[in-house]
Amino acid sequence: MENKDIIVFAGTTEGRLLCRWLLEGGYQVSACVATGYGECMLRDQAGLTIYTGRLDEEELSAFLRGHRPALVLDATHPYAVRITKYLKEACDGLGIRCLRVLREKEKTIQIPENLSYYSYDTLEEASRFLEKQRGRILVTTGCQELLELSQSGIETKRLIARVLPSEQSLLCCTRAGLAPGQIIGMQGPFSTELNLALIRQYEISFLLTKESGAAGGFQEKLQAALQAGISVVAVRRPAESVGFTLEEIKERAEELLGKEEENGV
């Protein structure tokens with residue numbers, strides 16, 4: 001195989017670290033990110049080609065068919081299960097090696113004592129619970145979930161969305177029917193104190209989040225909710241059993257690409 005390109009679908013910290021490691025190793029690397037924010041996080045890496053935009057199943061297959069990389073590394077977010085599925089199917093169909101990057105397992109989540117905490121496997125289940133409650137909801141799951149929430153039985157006027165201050169995020173909020181006063185455009189990380197101030201400012205009763213771990217400021221959200229005396233509703237991280245940790249990916253990539261070079265492919 002003459003093409004030695006590596007494409008990293010880099011929606012996480014692990015993806016950014018992989019891009020840097022590969023570039024330092026002399027590999028030709030391209031990164032695919034869904035948003036302009038993801039692109040900004042990678043711009044400092046010299047020699048990296050960046051493709052920005054969300055791809056559906058057909059677009060993803062066409063993109064890979066056109067580039068024919070030697071290796072694809074799927075470092076998308078643990079909650080982005082759809083793109084992971086599409087990516088694996090497209091690579092399998094084209095005969096392209098694809099390795100899934102798993103986040104290191106974190107220590108058991110520490111739920112503060114006396115915190116009102118509800119966790120669900122899906123956003124739909126969490127929405128059904130919130131439909132039956134009263135009070136404003138601070139949504140910190142990301143802008144892509146807003147449309148689903150707005151189409152549930154929850155009154156849109158109850159939603160306060162904290163999203164990245166980007167054009168795409170604001171467009172998502174508008175499509176979900178949110179008024180300007182319901183949108184908080186901010187970039188994290190967020191401290192406990194800042195979370196607490198927003199909860200009080202907007203008179204929040206429920207904080208909707210994902211069990212994103214330390215990287216997503218999860219513990220700070222819990223502490224703020226505890227201090228404010230409100231409830232947390234969390235969507236659990238999807239279970240992943242197939243894939244490799246960051247260090248394992250590095251070893252596997254070196255092994256696969258090294259074999260090709262030895263064979264003069």
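**Figure 1. Overview of the whole chain.** Of the 265 residues of the protein chain, 45% count as buried. Here buried means under 20% relative accessible area, exposed means over 50%, and partly exposed lies in between (1.4 Å probe, protein chains only). This is a predicted model, in which local features need pLDDT of at least 70 and side-chain atom pairs count only at pLDDT 80 or more, while totals for chains, interfaces and linings use all residues. Residues are numbered from 1 along each chain as its sequence is written, and side-chain values use heavy atoms, with hydrogens and water left out.

The protein chain has 10 helices and 11 strands. Both kinds of element are DSSP runs numbered from the N terminus: helices are H or I with at least four residues, strands are E with at least two. Along the principal axes, the C-alpha atoms fill a box of roughly 65 × 35 × 30 Å. The chain exposes about 14100 Å², and carbon and sulfur atoms supply 48% of it. These areas come from the Shrake-Rupley method with a 1.4 Å probe; for residues, only the protein chains shown count as cover. Among contacts with a separation of 6 or more, 68% come from residues 24 or more positions apart. A contact means heavy atoms within 4.5 Å.

Figure 2. Two strands count as paired if DSSP finds at least two bridges between them. Strands of a sheet pair through backbone hydrogen bonds, either parallel or antiparallel. Look at strand 1 (residues 6-10) and strand 2 (residues 29-33): four bridges join them in the parallel sense. Phe9 stands opposite Cys32 in strand 2.

Figure 3. The side chains of Glu89 and Lys85 meet in a salt bridge (2.9 Å, N to O). A salt bridge is a side-chain nitrogen of Lys or Arg within 4 Å of a carboxyl oxygen of Asp or Glu. The structure holds 11 of these salt bridges. Glu89 and Lys85 are four residues apart in helix 4, so about one helical turn separates them. Glu89 is partly exposed, at 38% relative accessible area. Lys85 is partly exposed too, at 45%.

**Figure 4. Two salt bridges between distant parts of the chain.** Arg236 and Asp121 meet through their side chains (2.7 Å, N to O). Arg236 sits in the loop between strand 11 (231-235) and helix 10 (246-262), and Asp121 in the loop between strand 6 (116-120) and helix 5 (123-131), 115 residues apart. Arg236 is partly exposed at 32%, and Asp121 is partly exposed at 47%.

The second pair is Glu145 and Lys210 (3.0 Å, N to O). Glu145 lies in the loop between strand 7 (136-139) and helix 6 (146-150), while Lys210 lies in strand 10 (residues 204-210), 65 residues away. Both Glu145 and Lys210 are buried.

**Figure 5. Strand 11 and its partners.** Five of the five residues in strand 11 are buried. Ser231, Val233 and Val235 point one way, and Val232 and Ala234 point the other way. Strand 6 pairs with strand 11 in the parallel sense over five bridges. Tyr120 has Val235 as its bridge partner in strand 11. Strand 10 also runs parallel to strand 11, joined by five bridges. There, Phe206 stands opposite Ser231.

**Figure 6. The surroundings of Asn195.** Asn195 lies in helix 8 (residues 192-201). At 1% relative accessibility, Asn195 is buried. Not counting residues up to four places away in sequence, Asn195 touches Arg162, Phe190, Glu220, Lys221 and Ala224.
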